[in-house]
Structure formats: structure tokens, C-alpha cells
Amino acid sequence: MFGIPAAIFYLLALIAFVAVLFVLFKRPMYEVMTLAFIFIVVISGAYELAWQSLLFPSTSSLFYAIFAFMVVAIIFDSTKVVNSIIKLMLSIVGRFRGGAGYVALLGSTFMASLSGTGPGNVATTGVFTIPMMKKSNYPKALAATTEMSASMLGNIIPPSGIVILTFGILNDVYPDSISLSSWMVVAYGIGFWFFVQRWLTLWALCKYYKVEPVPRAELPTFKKSLSLGWPALILPALIFLPLLADSQFKDFIIGRIGEEGAGAYSSSVLMFTPGLAGAYALAIGRKALPSKRINFPNLFNMFKSSLPKVVPIGVTIYMAYAISQVFVGLQMEQAVREWFVSFGLSTTALIIILPLFFMILGMVLPGSAQVAILGGAMIAVFGTLGGNPVLLAAMLPAMTGALEGMTPPLALGLFVAMGIAGSTFKDTAKLAVVWVLLHVLVSIILLAGIIPIIGL
């Protein structure tokens, strides 16, 4: 019809289906994605793809890693190890103008990267960071948007689930284009630039609003914070260093354990890392557990209480991965690529259009849904037009997962932060637009290759 391939109609129908259920009927996203899987199978008639696509995520080590890191986030929360890091950061930067906001930026970004849910992280860490900012003379709207932007930033930093999900989709379109460990290092490189953008934005806003330091009476002492919190500082290293070693020191590893050993290490590094980090967190944070002991009842109750948080996110990502496999079977990316190429768009035009497109789409679709539905097609289009498909894939979490909860008027992360801060929608939305537009600008700069990204 009108020269538009049937695959495009399937795509548009699925986007509309998800948006209607999520926005109008306000159904939870795990339910929406499950129904979306059934919907795409039925309207495309691809019943032969249904079973194998549904089973595929269960056979993927990537999905295990996503789920495992969500569990690790629960362990971190239960053992209060992150609180130790936050208090240490507060003792260092709290004495500076806007110091409470920088603590929120660091702490919330780290926690959201583990849980993989920006809005959920606003709800959990925001109840601590937002009141702390308000005590430092932060306007309510600034406190809300600072926490919102920090939590949504965590969505694009490994080991966030959307980062791992996007790698799986890239691997379907361009197999073996980059190793998983190298991919994670690239994602850290991208996250670094967005962190710098948020840091500078916060600095400018604090100066504009004349934000004060944290009251001296509420500042923990550095010496005491360091003595209690230094073991927790090892946690980020336990997660990052194995990935960095696999990505940057492959020749050294091959020289020590051979090609087969290096291959085994590379394929398993993301599987043992969450277990290592979780075990270490339990060891150093056991005093926060009931009776200050690591035993079966304590662990059972910890994981039992985490099910309402972990399972919905896990189901959402699982079904998103299954939907992406249906698209692979339908060769959706090829149809979309040929259709886009027929418009004669340049790579430069695409670099500008895509961040703005995903910004708008993020008002109605979560990042995981955007990546599952459009990721493979957009990667293929960008590669065909002469762009670096790995770069676009690496940027997808930033253009989808980070923007999904920030863009007014429909922004879940924004609404959660507003509720905690008690700010008005008008004032909060105005400041949210500042954070969003600067995020889009950095996305365009990175896609254009104007500033370097480690690993690429």
C-alpha cells in the first residue's frame, strides 16, 4: 500500500498497540510486552517463529546477566553498601555549592545501572537524595530533575539491561562485529560523556539558582565515612575490571591461558561478575542483615521481598528480546533498511533525525520496547547509509533508555521525582526540557564522531 512494505505496517501497528495499552489503558509494561509479542505474531502470521522466539531468551547468557545484575542491585540495597558510598561522597563534595546534587548524580547513576530501571531508581534512591537536595536550598523542581536525570543516566551504563539487550540485537544484524567485553567498554565511554554533560549542567544550574552547600551539621566526617565505607568502593572495580581486562588485554590473556582459555573467559566474564559482586556485598554488608548474619532465612526473605521489583523488569526485557527475535525471523531490518534508503537520506540527516525521533517516541514507549521494535532496523539503516553500525547500536540505549523517563509531557521518571519533591508540573517540565535538549545535543555530537569514544 502506497509503496510501503508490509513489514513497515507491522512495525507501526506494534508501536501503536504498545502505546495505547501503556499510555491510555495504563497497563504495566511487562503485561504490554507480553501482549505485544502475541500481537506481532498474529498480525504477521509468523506462527512458525513464535515458539523458537519465545524460547530464545531463556537460552541466552545475556538474559541471565541482565537478571543477575538486577538481583545484585537488591543485595546492594539490603546490605546498605551503597549508603556507605553515598555518605563518603557526601563527606567529600557536600561542602561545595550544590554538593547534595553531585552525590545524587553519582549514587543514583550507579544504582540505576545495576537495577536497569530509571523510574524505579528515582522511587528508591530519590526518597533520600531529593530531601537532601532540598535542605541545601535546591528549588523543588531542580531537585526533582537532578534525580530524574541521574537515574535515567544509569540506564545507559553497564551492566544495565538495555545495554546488554542492544548488544544481542546488534549481534543478530552484524554478527561478531564487536566482542561483548569491548561493547561494554564502549558503553562506559559513552556513559562518561553523558555524565560530564550532566555534571556541567548541574554546575550551571546550581550557580544560577544560588544553591548552597549541605549544612555543615549534616555532613558526615570524611575520616569516619572512609573508615566505614572504603570496602564498598571496591564494588565498582569488581564489576568493571574483568570487562576491561577482557577488552583491552586480550593478547596478554591469550599468552597466559591460550586461545581457547581466552575465549572461555570472554564468554563467561559477564556471568561470573554479578555473582562475585553479590558475594562481596554480602560479606562486607552482613551487619545490615537481621541478626547480622548471612544465613538461608535472611537470603530467602531478601530475594522473596525483591520479586515484585525484579520479576516485572525481567519479564519486560525477556519479552522485548523475544519480540526482537520475531523481527529477525521476519527479516524486518532488511525491509526497513530498503525503505529508508529509498528516501535518499544522508548519514548527516540521520544523525540529527534519530535522536529527535527517539526523544519523541520516548514519550509513549519505554527504551526496551523501542530497542526491541526498532533497534535492528535502525542499526541496519545506519550501516547501509555509510555510518558505523556499532556506534549507532552503542548509542541506542542513550537515545531510548535515558530519554524514556525524561521527556515531558509523558515521562514516568519525571512524575515520580515530582511526587517526592512536591514540585509543580510546569516548573519541573521546564527544567526537564533543559536536561533533555542537552542530552539530545550530546547524542548528535557523539553520533557525528566529533568527540572520541573509548573502545571505538
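The largest cavity has a volume of about 100 Å³. The structure is a predicted model, in which local features need pLDDT of at least 70, side-chain atom pairs count only at pLDDT 80 or more, and totals for chains, interfaces and linings use all residues. Residues are numbered from 1 along each chain as its sequence is written, and side-chain values use heavy atoms, with hydrogens and water left out.

User: What makes a space a cavity, and how many cavities of 30 Å³ or more are found?

Analyst: On a 1 Å grid over the protein atoms alone, a cavity is a set of points where a 1.4 Å probe fits but cannot get out, whereas a pocket is an open set with protein on both sides within 12 Å along at least five of seven lines. A volume is the space filled by probe spheres set on the points, which are joined across faces, edges and corners. The search of the whole structure finds four cavities of 30 Å³ or more.

User: Which residues line the largest cavity, and of what class are they?

Analyst: Lining residues have an atom within 4 Å of a point. The largest cavity has 13 of them, and Ser324, Phe327, Glu333, Gly376 and Ala377 lie nearest its centre. Nine are nonpolar, two polar and two charged; here Ala, Val, Leu, Ile, Met, Phe, Trp, Tyr, Cys and Pro count as nonpolar, Asp, Glu, Lys and Arg as charged, and the others, Gly among them, as polar. Helix α17 (367–384) gives the most to this lining, with five residues. Helices are DSSP runs (H or I, at least four residues), numbered from the N terminus.

User: How is the lining of the second largest cavity divided by class?

Analyst: Its residues divide into seven nonpolar, no polar and no charged. They are Ile156, Val163, Trp183, Ala187, Ile190, Ala394 and Pro397, around about 40 Å³ of space.

User: What is known of the second largest pocket?

Analyst: The second largest pocket has a volume of about 570 Å³. Of its 21 lining residues, Leu106, Thr109, Phe110, Ile157 and Pro236 are the closest to the centre. The lining has 17 nonpolar, four polar and no charged residues, and α6 gives the most, with seven.

User: Why is Ile92 called partly exposed?

Analyst: Buried means under 20% relative accessible area and exposed over 50%, with partly exposed in between (1.4 Å probe, protein chains only). Ile92 has 41% relative accessibility, and therefore counts as partly exposed. Ile92 lies in helix α5 (residues 81–93).

Methods
Helix = DSSP H or I, 4+ residues; strand = E, 2+ residues; numbered from the N terminus.
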